[in-house]
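Let's take a walk through a protein fold together, from the overall plan down to single side chains. Have a look at the picture before reading on.

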Amino acid sequence: MARLINIGFGNVINAEKIVAVVNPDAAPVKRLMQSAKETGTSIDATQGRRTKSVIVTEDSYVVLSALQAETISRRVNAGWSGEEKGDNYEP
């Protein structure tokens with residue numbers, strides 16, 4: 001069963017498909033965002049707010065979020081911390 005992570009404003013993403021969560025300020029990430037918009041693989045989950053993080057998925061989709069990368073990273077790691085220790089953790 002897929003584990004969904006809230007990426008802001010009621011939008012969720014499958015945590016198991018996340019490859020990277022990065023800050024959108026770097027030039028290579030800006031090029032990645034532009035390329036994804038041109039090819040139709042960009043998903044804007046910012047609800048009109050400023051993009052504070054960019055999530056890259058296994059399927060090469062680029063998801064824009066208004067939450068900071070650290071916040072999303074904490075949410076993903078909170079769900080996996082129990083599994084890494086071998087506990088039966090369910091968020």
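**A walk through the fold**

Read along the sequence, the protein chain goes β-β-β-α-β-β-β-α. That makes two helices and six strands; helices (H or I, at least four residues) and strands (E, at least two) are DSSP runs, numbered from the N terminus. Keep in mind that this is a predicted model, in which local features need pLDDT of at least 70 and side-chain atom pairs count only at pLDDT 80 or more, while totals for chains, interfaces and linings use all residues. Residues are numbered from 1 along each chain as its sequence is written, and side-chain values use heavy atoms, with hydrogens and water left out.

Let's start with the hairpin. Strand β1 (residues 4–8) and strand β2 (residues 11–14) pair in the antiparallel sense over four bridges; for two strands to pair, DSSP must find at least two bridges between them. Within this pair, N6 stands opposite V12 in β2, and G8 stands opposite N11 in β2. The hairpin has two residues between its strands, and F9 takes a positive phi near 55° there.

The C-alpha atoms of R3 and N14 are separated by 5.7 Å, although the two are 11 residues apart along the chain. Is R3 buried or exposed? R3 counts as buried because its relative accessibility is 12%, and buried means under 20% relative accessible area, exposed over 50%, partly exposed in between (1.4 Å probe, protein chains only). The side chain of R3 reaches the backbone oxygen of V76 at 3.4 Å.

Now for the open sheet. Four strands form it in the order β3-β5-β6-β4, with mixed pairing. Its edge strands are β3 (18–22) and β4 (42–44), each of which pairs on one side only. On average, neighbouring strands of this sheet are turned by 20° against each other, direction ignored. If you zoom in on β3 and strand β5 (residues 53–57), you'll see them pair in the antiparallel sense over four bridges, with V21 opposite I55 in β5. Helix α1 (residues 27–39) packs on the sheet and touches β3, β4, β5 and β6 (62–65), and its direction makes about 115° with that of β6. Axes here are lines fitted to C-alpha atoms, for helices over the stretch in contact, and angles run from 0 to 180 degrees between N-to-C directions.

What about the inside? In soluble globular proteins, nonpolar side chains tend to be buried together. Here the largest nonpolar core has 10 residues in all: I5, I7, I13, A15, I18, A45, I55, V63, I72 and V76. A nonpolar core is a set of buried Ala, Val, Leu, Ile, Met, Phe, Trp, Tyr and Cys residues joined through side-chain atoms within 4.5 Å. Both β1 and α2 (69–85) supply at least two residues each to this core. Apart from it lies another core of six residues, among them V29, A36, V62 and L64.

T46 counts as buried because its relative accessibility is 2%. Leaving out residues up to four places away in sequence, T46 touches F9, T51, L64, S65 and A66. Its side chain also makes a polar contact with the side chain of D44 (2.5 Å). A polar contact is a pair of N or O atoms within 3.5 Å; within protein, one must be able to donate a hydrogen and the other to accept it, and residues adjacent in sequence count only if both atoms are side-chain atoms.

Finally, step back to the whole chain. Buried residues make up 34% of its 91 residues.

Methods:
Contact means heavy atoms within 4.5 Å.
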